[in-house]
Amino acid sequence: MMQSGNVTLDLLGWLITATLQWSTPLVLAALGGMFSERSGVVNIGLEGMMLIGAFSAAAVSGLTGSAWLGLLAGIGAGGLLAAVHALVCVTFKGNQIVSGAGVILFASGFTTVMLKVVWNQQGVGNQVPTIPDVVIQPILNIPVLGTAFGRVSPIIYIMFFTVALSYYVLYHTPFGLRVRSSGEDPSALDSAGVNVDHIRFIAVVISGCLSGLAGAYLSISFLNAFGKLMTSGRGFIALAALIFGNWTPIGCLLAGTFFGFLNGLQNTIQILNIPGVALYLNFVQMLPYVLVVVALAGIRRSVPPKAVGTAYEKEAKG
Amino acid sequence: MEQTESPSDVAAPTMMRSLEMWFLEKENAALTWGFWKPIVWAIVSIALSLLVSAVIMILSGYDPILAYTWLLYGILRQPDYVLYFATPLILTGLSVALAFKCGLFNIGAEGQVYLGSMAAAIIGYAIALPIFVHPLVCLAVGAGAGALWGFVPGLLKAYRGAHEVVTTMMLSYTAILFTQWLSTYPLREPGQVQMVPQLPQILSSAMIPKILGSHYLHLGIVLAIASVFVVDFIIKRTVLGYEMRAVGLNRDAAECAGIDPRRNMAIALGLSGALAGLAGSEEILGTYGRFIDHWSPSIGFDGITVAVLGRNHPWGCLLAAVFFGALRAGGTFMNLVARVPIEMVGVIQGLIVLFVAAPRINDWLAKNGVGYPIWIKNNPKVALPNFAALCLAAWSAVLAFGFCAVKGISTTLYVLFLVTAFLGIVAFVTTLSRRGHVLVLNSAIVALWLAIGVLDRLQFGGGTFITSVMVACVGLVISASLAWFSRRETKERRSKS
């Protein structure tokens, strides 16, 4: 096998690209989950919201011919499904985990049915217009930098911007303070004259919008079509990244990028096709999952928001 | 709650007494609303979700009446097919429900199913045993493997505080990948040509026989129903079950009462894993005959749905599993004849779970369903325009959905009709709950219908022009009367104060 220095350098660039591509949906969905859980509503339905976002983005992009409209539709659809989740768990004080399971079931069934209705396909829908990549001409030919950042989806930039914005909103605005206190001690927030249910509802809808954006990235930027159950468990990994990242924006970014890196590494190994390693690719795939378990059990105890998982009732008994 | 062990000489009369007590208890329970409420709510949620699914079917161009007819026909035609689908669901449902009883959410039953089925499949083809012993050994090993995979997150939760939702999920993915590796490399059937990796066929002595002359249904159903008895007994009549329930209700209180919550949590998840492993093994031994990579039609995840609908009660799980089995079995017929995709069943299931999650929708329906007519009776002058708005909202929702189902209308009109329909539903709900904003919503509906009518007239043939304008005119009158009444009301209030 010929290995010149240039190829190795490009491999590094390629690894960075793969990491960015894999981590973007994870970070976005994890941020979504963060808003919801910091406000006190468990959202295991991220997977479902991503799926419906991916589907709507592809469908609208295909029907209207404009990928940006598709992106908006994906965000909107995720938000709409999240509103249903919020209606069940915030307005009607239902069980949040059960509702999340329902959201996932509904979304997986609904998007597969609609795949048949819209494109008359079983597995993968027709090709749709995608969001054009941002090309930075001057650095395109520099080995590592050019391969990594020369041609990048705008949603990756949006992801970094969203992390910064979430940090600002959560820690430096009144709304962020309300979200945080609604998850820690809702009765204190209530006694300050703020409607806890409103804050939670908004936070859950934000979480759906971000998950929808993550899904839209998959279907109209990363790929160019909607595939049956195309999120393939990314919502759950995002949930793990959220817990791994200790419910903070920066933590979500780091944990999501880490998981993305492991996936990118596995892709790189797959492409390199090293004879000995290919046999154990499944174990490389297992790595993120095992690491999460080890991290949760051994290294550090994650501290969830105190009131997460319980509906807030004014003057509750006890 | 606890039955202390009685000496052997008085065992028989005591048992009779306790049986009598048990029946009396059941009889009393059957008379109270607390017993019936969850059942009523389950039926209401099923009805509501069928209704919403029908709307989705209309919107996507399928005929819901045809679909439901064939769904029902499929269920009645092949009851054995129903039970065949229900068999693994009963076991995974029990698995999730048992963990729930101890306050734990076993979201990763799927991985335990895979590991159990892999272990059973290996014993099934690699070791030769006599005919009755072989399946039993396979089942026991499968359940053991599942129990191990449930016990690990149980221990981590109990002694390290690692959240079981995350650990079971992550270990589930790990197990699926591990079985994939086993079936792709070391244990793959020699000379196999199929794309999907699989293990060799299990020996015929390990197969669970089919029963009742059915092509699908096997003895596993008996095992599943027996498990319902066993789990019910464990939860209700043993010290372990009592302690698990106590930990599930209030961990701190249980600890104060001298119950070790850690031990119980670990055991609960272990037992839960054993049940999931059992589900996987009996599917391999009874149906598939070998381990195939990714064989499970997500029976582990469906177990959550079953447990939720069955309210974590063993017998409830049985009923829920049979219900979902019926949906699956009928769904294949629905797919074959009415051409509705089989995934529609998933939509119905998801909606049922969403409705079941929020029992207060039931209370809300009961309150407003009874309260609204009373309100109309008591002050008809204010209520009548409100009632008219309610009727208009319902009518425009139905009408708009109907127009959506018309083949070949333009995309713009389709979207407008869809928005109108949803707005109609929102208006109906707000009007029924007397929340206010009725006037705004009503006016919005009127504006939408006017826009549809004008657009249709100018751009596309004008097929709905007269209907739309008619609805808009009626809405305008209602809006005017609403506005007039609310103004008069505020005037009266002012003059009073």
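The centres of domain 1 and domain 2 of chain B, taken over C-alpha atoms, are separated by 45 Å. Domain 1 of chain B covers residues 32–358 and domain 2 covers residues 361–496. The model is predicted, with scores of ipTM 0.87 and pTM 0.83.

**Domains of chain B**

- Contact between the two domains of chain B involves eight residues of domain 1 and five residues of domain 2.
- On the side of domain 1 of chain B that touches domain 2, helix α2 (residues 33–59) gives the most, with five residues.
- That side of domain 1 of chain B consists of seven nonpolar residues and one polar residue, with no charged residue.

**Chain B as a whole**

- Chain B contains 19 helices and zero strands.
- Along the principal axes, the C-alpha atoms of chain B fill a box of roughly 85 × 60 × 45 Å.
- Of the 497 residues in chain B, 47% are buried.
- Taking the contacts in chain B between residues at least 6 apart in sequence, 76% link residues at least 24 apart.

**Chain A as a whole**

- Chain A has 13 helices and two strands.
- The radius of gyration of chain A is 20 Å, close to the 20 Å given by the globule rule for 318 residues, so chain A is as compact as a globular protein of that length.
- A box of roughly 70 × 50 × 40 Å, taken along the principal axes, is filled by the C-alpha atoms of chain A.
- Buried residues account for 53% of the 318 residues in chain A.
- Of the contacts in chain A with a separation of 6 or more, 77% are between residues 24 or more positions apart.

**Contact between chains A and B**

- Chain B contributes 39 residues to the contact, and chain A contributes 37 residues.
- On the side of chain B that touches chain A, at least two residues each come from α6 (133–160), α7 (164–184), α12 (299–309), α14 (344–357) and α15 (360–378) of chain B.
- Helix α7(B) gives the most to this side of chain B, with eleven residues.
- By class, the side of chain B that touches chain A comprises 24 nonpolar, twelve polar and three charged residues.

**Nonpolar cores**

- In soluble globular proteins, nonpolar side chains tend to be buried together.
- The largest nonpolar core holds 221 residues, and the members that touch the most others are A:A30, A:A54, A:A240, A:A241, B:I90, B:A268 and B:C317.
- Beyond its neighbours within four places in sequence, A:A30 is in contact with A:A238, A:A241, A:L242, A:G245, A:C252, A:A255 and A:G256.
- A second, separate core of 26 residues has among its members B:A397, B:L416, B:A421 and B:I478.

**Helix α9 of chain B**

- Within helix α9 (residues 239–249) of chain B, the residues B:G241, B:E243, B:M244, B:A246, B:V247 and B:G248 are buried.

**Individual residues**

- A:N246 is not a glycine, yet its phi is positive, at about 55°.
- A:N246 is located in the loop between α10 (234–244) and α11 (249–272) of chain A, and it is partly exposed because 17 other C-beta atoms lie within 10 Å.
- B:H294 also is a residue other than glycine with a positive phi, near 55°.
- The loop between α11 (261–288) and α12 of chain B holds B:H294, which is partly exposed because 13 other C-beta atoms lie within 10 Å.
- B:L365 belongs to helix α15 of chain B and is partly exposed, since 13 other C-beta atoms are within 10 Å.
- The C-alpha atoms of B:L365 and B:V429 are 9.9 Å apart in space, while the two residues are 64 residues apart in sequence.

**Confidence in chain B**

- The mean pLDDT of chain B is 81, and 91% of its residues reach 70 or more.
- Over residues 1–11 of chain B, pLDDT stays under 50, and the model has seven contacts beyond four places in sequence for this stretch.
- Where pLDDT is low, the predicted coordinates should not be read in detail.

Conventions:
Residues numbered from 1 in each chain as written. Chains lettered and ligands numbered in written order. Predicted model: local features only at pLDDT ≥ 70, side-chain atom pairs only at ≥ 80, totals over all residues. Helix = DSSP H or I, 4+ residues; strand = E, 2+ residues; numbered from the N terminus. Nonpolar A, V, L, I, M, F, W, Y, C, P; charged D, E, K, R; others polar. Core = buried A, V, L, I, M, F, W, Y, C linked by C-beta atoms within 7 Å. Buried ≥ 20, exposed ≤ 12 C-beta atoms within 10 Å, placed from the backbone. pLDDT = per-residue confidence, 0-100. Domains from an automatic or database assignment. Rg over C-alpha atoms; globule rule 2.2 N^0.38 Å.
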